[in-house]
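Here is a short tour of one protein model, meant for someone meeting it for the first time. Have a look at the chain below, then read on.

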Amino acid sequence: MPSNNLCMKKTRVTTAAAAALAALLVLSVQAGARTRSSAPLEGEGEGLKLVANLNTGSGTDMEFTTIKGHEYGFVASRTVAEGVAGGVNVINVDNPAKPKLVAKLPCNLNQGDIQISHDNKTVIQAADAAGGPDSCLMVGRAGFMTIDVSNPLKPKAIGVAEIPRGSHNTTAHPTKPYVYNSDSDGGASRGEVQIWSIKNPAKPELVNTLQNLPHSPHDLSFNKDGTRMITAARTAVQYYDTTDPENPVLISATPCPGCQLAHDAKITPDGKWAIIGDEANGGGTYPCPGGALYFFEITNETALVLRGIYEPNEVVFATEGQTAPGSCTSHVFDISPDSKKLAISWFSAGTRYLDISNPAGATFGANTSPAGGVTELGWFIPTGSSSWSSKFHKGPYIYSNDINRGFDVYKITAK
């Protein structure tokens, strides 16, 4: 993810005072957020229909889950000029076409990567720089903050993992109470992954530091049951056995040919493919179609074999207010539960919706194999957008968290 660091004053306050301030602000921010005007439902696209927007501030990452029979998105934002507070927005998406902001924890952390614990009780919010006076428990600290969401209508900051090199991204283990930290440090021979226990979410505990040379991952992900892990470590991809989550074992390491900055790494739910996104130029200005997606087949549970590379054939820009050329690369993406579809943010090129049921043979938008390739089923570029993350959650919808627009909802209309 791009750095876009905010100027932050390194001032410490007591934990109790910070928590109390955050609690007092939740309701007042909630009330104010409902009166702010939404961004217009305008732009260009096909196969996706823009059906809703909430002005939640400058959007970054987000995650979705079901709690007590209701569907929620935990949507991160950062402070912007118009005065929308940064923090974690809790959005009810029981009716995706009519999302409702039901709570906001105004703890503004830089980047603000979001994860949800395996038991749906804790949100993890990352900070890759020391927090300022609006960062709740993270004032003067980098690392990650734990948030109690057992009652999602009353999120509460409860704990801190202080990490000097910061948390560019964190990854919650899908079945056990662990968080893996990615500091994205590009320094030679400084690569590592910190493994934290959140058995007590209020007191995260460092249990191991995994060497991941030569670079720390920018991000990493697990397979469905948490027994395998894939990293996007700038120039390389590492594949680990994480059967013992406190003691991962390296299975293989391979270069990502053509990657300028291997950014996002995910394993398909069926365990057959690893997909790596290249955030060329680190989120800075980059011409469309931008950094590609790389599709590695996982063979014999040991080797990653590059089978396809994808970029959009053609990128059409909305005619008014678009930030192009700006940043135009692959960014945060999500894979459907059946492993056949992918939703991805492409910064100024909006949100793209892809068929990845057989990615072998894909090459820069053109299908070179009669039996394979990646097909773009839909795309949408709202007026003035720069989409950071795009994700699925139940039903024919894709959600986008936009740097300029906040929270957008698309209905999939592609056949």
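## A covered strand and its hairpin

Let's start with β29, a mostly covered strand: six of its six residues are buried. Buried here means under 20% relative accessible area, while exposed means over 50% and partly exposed is anything in between, using a 1.4 Å probe and protein chains only. Strands are DSSP runs of E with at least two residues, and helices are runs of H or I with at least four, numbered from the N terminus.

The partner of β29 is β30, and the two pair in the antiparallel sense over five bridges. To count as a pair, two strands need at least two bridges between them according to DSSP. One of these contacts puts Phe392 together with Ile398, its bridge partner in β30. The hairpin that β29 and β30 make has four residues between the strands, and Lys394 takes a positive phi near 55° there.

## Where the numbers come from

This is a predicted model, so to speak of a local feature takes a pLDDT of at least 70, and side-chain atom pairs count only at pLDDT 80 or more, while totals for chains, interfaces and linings use all residues. Residues are numbered from 1 along each chain as its sequence is written, and side-chain values use heavy atoms, with hydrogens and water left out.

## Two residues with positive phi

Back to Lys394, which sits in the loop between β29 (387–392) and β30 (397–402). Its phi is positive, about 55°, although Lys394 is not a glycine. Is this residue buried or exposed? Lys394 is exposed, with a relative accessible area of 53%.

Ser339 also gets a mention: it is not a glycine, yet it has a positive phi of about 70°. Look for Ser339 in the loop between β23 (333–335) and β24 (341–345). With 7% relative accessibility, Ser339 counts as buried.

## A strand with neighbours on both sides

Now for β5, which covers residues 87–92 and is mostly covered, with six of its six residues buried. Strand β4 (residues 70–78) is joined to β5 by six bridges, and the two run antiparallel. Within that pairing, Ser77 has Gly87 in β5 as its bridge partner.

Which strand do five bridges join to β5? That would be β6 (residues 100–105), again running antiparallel to β5. Here Val88 stands opposite Leu105 in β6. As background, side chains in a regular strand alternate between the two faces of the sheet.

## An open sheet of four strands

Further along, four strands make an open sheet in the order β15-β16-β17-β18, with antiparallel pairing. The edge strands, β15 and β18 (249–255), each pair on one side only. From one strand to the next, the twist averages 20°. That angle is taken between N-to-C directions on a scale from 0 to 180 degrees, with axes being lines fitted to C-alpha atoms (for helices, over the stretch in contact).

Asp219 has Ala232 in β16 as its bridge partner.

## Two cis peptide bonds

Where do the cis peptide bonds turn up? One runs from Leu213 to Pro214, with omega near 0°. Pro214 lies in the loop between β14 (205–211) and β15 (219–222).

The peptide bond from Cys288 to Pro289 is cis too, with omega near 5°. You'll find Pro289 in the loop between β20 (273–278) and β21 (293–299).
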